[in-house]
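Today I opened my notebook to look at aromatic rings and the charges around them. Here is what I looked up, entry by entry.

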Amino acid sequence: MTEAPSGAGAAAPTEVVTCFLRHRGDVLLVRRSARVGTYRGRWGGVAGHAETDDPLEDAWREIAEETGLQDAATLVKRGEPFTFQDEGEGRRWRVHPFLFDVANRDARLDWEAVEGAWVPPTAILERDCVPRLWTSYARVAPTLEDVRDDREHGSAYLSLRALEVLRDRAAALGAGVEVPRGGGGSAATSTRRAWIELARSLAASQPAMTALHNRVDEAMTAALEGAGDAPPQSVDLAQRVQAAAHEALRAALSAEDGTVAGSARRVAGQTVLTLSLSGTVAQALLAADPPPARVIVCESRPGGEGWRLASRLAARAIDTMLVPDAAVAWALERFAVDVVFVGADTVLPDGSVVNKVGTRPVALAAHAAGVPVLAAAARAKIAAEGGAWTAAGEGVAAEDTSPAPEGAGGRAAAVNAAAAWRSPLFERTPAELIDGILTEDGVLGADEVRAVAALHAARRSRVG
């Protein structure tokens, strides 16, 4: 099996799509039936011939036909296509890879597959798979750049993606195959120092997201423990990083599940006010039994991701109201809110919460109205003791947030030209405005938060 030749004399390749459906860090592999034309009995992604001029349209069709998960799927990444020659089959293929997140694993396989398995993508390197399946995955696997540039997802989601970067890179290095692009470092080897530098780069990619820092530290501490002064062989170290990242990812999922379950019990049947689009908050609101009596969602500028949360809740028939950020005090007074329920990208050792900008005004208004403020945050979101919140963690909105209204001219345009304009993404809300931190271990008090912070600091010091 070789890379396909190029040039005018080469036969046109057969165009195919390969779709990886991801759920909780695993992807769906399907074993091809005896009724398909090629690679019978071998494992692959959800795949098929490209029959239109748009491979993405073909990808959606294959997901619908082969799994029935099209309504549960969200496109994450479209990989660079590649062409190769399979001499054994006498076929030349051009593969268009795609990655989708799916909300559940309820795949209904059609005649093309005899079984399916939700497995870590690294299982591709261990199973009898169709040719170049790992290459397809490597083109859509999470990268350092994906984590750094993501402005849509919260810290829980991105911490999982960071662990996947470590896991997938380690698996590729250990097996001597193509390393997912954009992962940083050398494709040929990865020393102890290189792994530490990658971990630091992942942490620095989202400086306000402590869960990402702590979970990467957890994986790297486990991988490096016992190595001693003499560094191990790169393959052995890669295998340890892969195993540690896999275990850290599973532990992170369990922690998030526990935080969601406890939070869902707290907001069940309540009138809730929230902002932004915390994955933990969204899952808790959707899992609450009975559902919240009403959810008031601030639109959450800049970014306006509150709109997406409101849409998700309304689609599940939850009584949902969307309000401007400036209407928080009005909503608290008008609608008898029981609890303000927010996420947290970081909980500082003193109990302060770093979250999307707008959280502090909401907490101030709630405090004045006598409404409790709860922040949902797994223990991994508690910052290491000794860390400090700085302006570097504020971030800046990537969108155009010019203050002049659309279509405005004259005076408004002159203000835009003359005035400095800054649109931070995150801010700190003092501990005295937060009534509780909901974690996988229940509500933590101030002393417990400080104890967890000390543990995180000790682990970070071991990573180096």
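Is Tyr-137 buried or exposed? I found Tyr-137 buried, with a relative accessible area of 2%; buried means under 20%, exposed over 50% and partly exposed in between, using a 1.4 Å probe and protein chains only.

A note on the source: this is a predicted model, where local features need pLDDT of at least 70, side-chain atom pairs count only at pLDDT 80 or more, and totals for chains, interfaces and linings use all residues. Residues are numbered from 1 along each chain as its sequence is written, and side-chain values use heavy atoms, with hydrogens and water left out.

Next I looked up ring pairs, and the structure has seven aromatic pairs. Rings of Phe, Tyr and Trp (its six-membered ring) pair if their centres lie within 6.5 Å; planes under 30 degrees apart count as stacked, over 60 as edge-to-face and the rest as tilted. Phe-82 and Phe-84 are stacked, because their planes are at 25°, with the ring centres 6.1 Å apart. I noted that Phe-82 and Phe-84 are both buried.

Back to Tyr-137: it makes a tilted pair with Trp-134, 5.4 Å centre to centre and 50° between the planes. Trp-134 counts as buried too, at 7% relative accessibility. Both sit in helix α2 (residues 133–138), three residues apart, about one turn of the helix; helices are DSSP runs of H or I, at least four residues, numbered from the N terminus.

Last, I checked for charges over rings (NZ of Lys or CZ of Arg within 6 Å of the ring centre and within 35 degrees of the ring normal). The charged end of Arg-161 sits over the ring of Tyr-157, 4.4 Å from its centre.

Terms used
Helices (H or I, at least four residues) and strands (E, at least two) are DSSP runs, numbered from the N terminus.
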